[in-house]
Amino acid sequence: MRAILKPKDFNLKYSFESGQPLGFYADFLDNILSYNVHSHIVRVKQDADSGALKLESDSIQFAKAEVSSRFRLGDNMERIYNEISTDRFMEQSIQKYNGLRVTLNDPWETLVVFIISQNNNIKRIRNSTLRLIERFGKVTQFGKEFPSLDDFLDANESDFKAAGLGFRSRYMLHAIEYCTDNLDLRMLKNKDSSDIKDELLQIKGVGDKIADCVALMGYGKLDAFPIDVWIKRILEKVYFKGTTISIERLHDFAADKWGKYAGYAQQYLYWNARNNFSML
DNA sequence: ACCCAGGCGGGCG
DNA sequence: CGCCCGCATGGG
C-alpha cells in the first residue's frame with residue numbers, strides 16, 4: 001500500500017545521513033530509505049522536485065505515523081529556524097542543509113548506538129550495529145529489526161566482542177543490567193532533559209555527551225546539546241577565535257544562544273562541521 | 001605501517 | 001576538582 005506526505009522544510013537524505021540512530025542501520029539505496037520496526041516494514045522515497053514523500057508499507061497507517069514521528073514532521077521549522085538564526089554562521093548552516101531534522105528514536109536504541117559511538121567512527125558504528133541486529137535482532141516476517149532490551153538478556157561479553165564493540169562491551173552489559181534492574185527507560189519520557197541526563201549518567205559507559213544524545217534523539221528534548229569533538233571544534237573556531245573553551249562553558253553558551261532549540265542548532269553545526277570543517 | 005574515531009572511567013596531582 | 005591516559009577494533 002502507498003501514501004503521500006507533503007512536509008515542508010524536510011530533507012530525507014540529510015536527516016538520514018547526519019549521524020543519527022536510524023542512519024546506523026537502516027538502508028538508503030537509490031534514494032529510498034527502508035527499515036523494519038514494530039513488525040512492520042517502511043519504505044520512503046522523497047521526490048527530488050516536489051519534496052513529497054512516497055511511503056510504502058504493509059500498514060500504511062503505521063508508516064505514516066512512524067515516519068511523521070521519526071522525522072519530527074510536525075515541527076514548525078520556520079519557527080525553529082527563526083529562533084536559532086542568531087548569527088551569520090548558523091544562517092549559512094541552515095541554508096546549506098535546509099530540511100535537516102533532528103530525529104526521534106526509541107530510547108534504548110538510541111542509548112545502544114551512542115554507547116557504541118564512543119571513540120569510534122561512523123562506519124564502524126554502523127557495522128557493529130548491523131552485527132548486533134544480526135545476532136540479537138527481533139525476527140519478523142519482513143526481516144530482523146533493532147533488538148529491544150529484552151532481546152539482549154542472555155547476551156555475554158563475547159557476543160559484543162564478536163560484534164566489534166571492543167572495550168565498549170562491558171558498558172553494554174552494564175547498560176542491560178542497569179536498565180533491567182534499576183532504571184525503566186520508559187519512565188523518563190515526561191522528565192526534562194536535565195533529569196533524564198542525571199538518570200542516564202548512572203550507567204557506566206554513559207557520560208555527558210551520550211546522555212545528551214539520548215535526551216535529544218531518544219526522548220525528543222530539543223534543548224539538549226550534545227558536545228562531541230566536532231561541536232567543540234566548530235564552536236571554538238567560529239565563536240571563540242579558535243581558543244580552547246571548557247565543555248561546561250560551551251553548554252552555557254549554547255543554552256544562552258539557542259535555548260529550547262539548541263539541539264537543532266547542534267545538528268546543523270555538527271553536519272556542517274563534519275562536511276566542511278577545513279573550509280570554514 | 002600508522003593514525004584515528006559523534007567518549008568515558010579511573011587514577012593521579 | 002581538573003587533567004591525562006588507556007582503551008579494542010578496523011577503516012582509510
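1. A residue is near a molecule or strand if one of its heavy atoms lies within 4 Å of it, and in this predicted model 29 residues surround DNA strand B on that basis, the closest being Asn 120, Asn 121, Ile 122, Gly 207 and Gln 266. Of the atoms of DNA strand B that come within 4 Å of the protein, sugar and phosphate account for 63%.

2. The residues of the surface near DNA strand B divide into 12 nonpolar, 11 polar and 6 charged.

3. Individual contacts reach several parts of the DNA. A backbone N or O atom of Ser 18 lies 3.3 Å from a base oxygen of DNA strand B, while a polar side-chain atom of Gln 118 is placed 3.1 Å from a sugar or linking oxygen. For Arg 274, an N or O atom in the side chain is 3.1 Å from a phosphate oxygen of DNA strand B. Helix H10 (208-217), helix H11 (229-239) and helix H13 (262-276) are the elements that give two or more residues to this surface.

4. Turning to the strands, S4 (residues 40-46) is largely enclosed by the rest of the structure, because 5 of its 7 residues are buried. Strand S4 pairs with S3 (residues 32-37) in the antiparallel sense over 6 bridges, and with S5 (residues 53-57), also antiparallel, over 5 bridges. Arg 43 in S4 stands opposite Ser 34 and has Glu 56 as its bridge partner in S5.

5. Both connections are hairpins: S3 and S4 have 2 residues between them, with His 38 in the turn at a positive phi of about 50°, whereas S4 and S5 have 6 residues between the strands, and there Gly 51 takes a positive phi near 80°.

Terms used
Residues are numbered from 1 along each chain as its sequence is written. Chains are lettered from A and ligands numbered from 1 in the order in which they are written. This is a predicted model: local features need pLDDT of at least 70, side-chain atom pairs count only at pLDDT 80 or more; totals for chains, interfaces and linings use all residues. Side-chain values use heavy atoms; hydrogens and water are left out. Buried means under 20% relative accessible area, exposed over 50%, partly exposed in between (1.4 Å probe, protein chains only). Helices (H or I, at least four residues) and strands (E, at least two) are DSSP runs, numbered from the N terminus. Two strands pair if DSSP finds at least two bridges between them. A polar contact is a pair of N or O atoms within 3.5 Å; within protein, one must be able to donate a hydrogen and the other to accept it, and residues adjacent in sequence count only if both atoms are side-chain atoms. Ala, Val, Leu, Ile, Met, Phe, Trp, Tyr, Cys and Pro count as nonpolar, Asp, Glu, Lys and Arg as charged, and the others, Gly among them, as polar.
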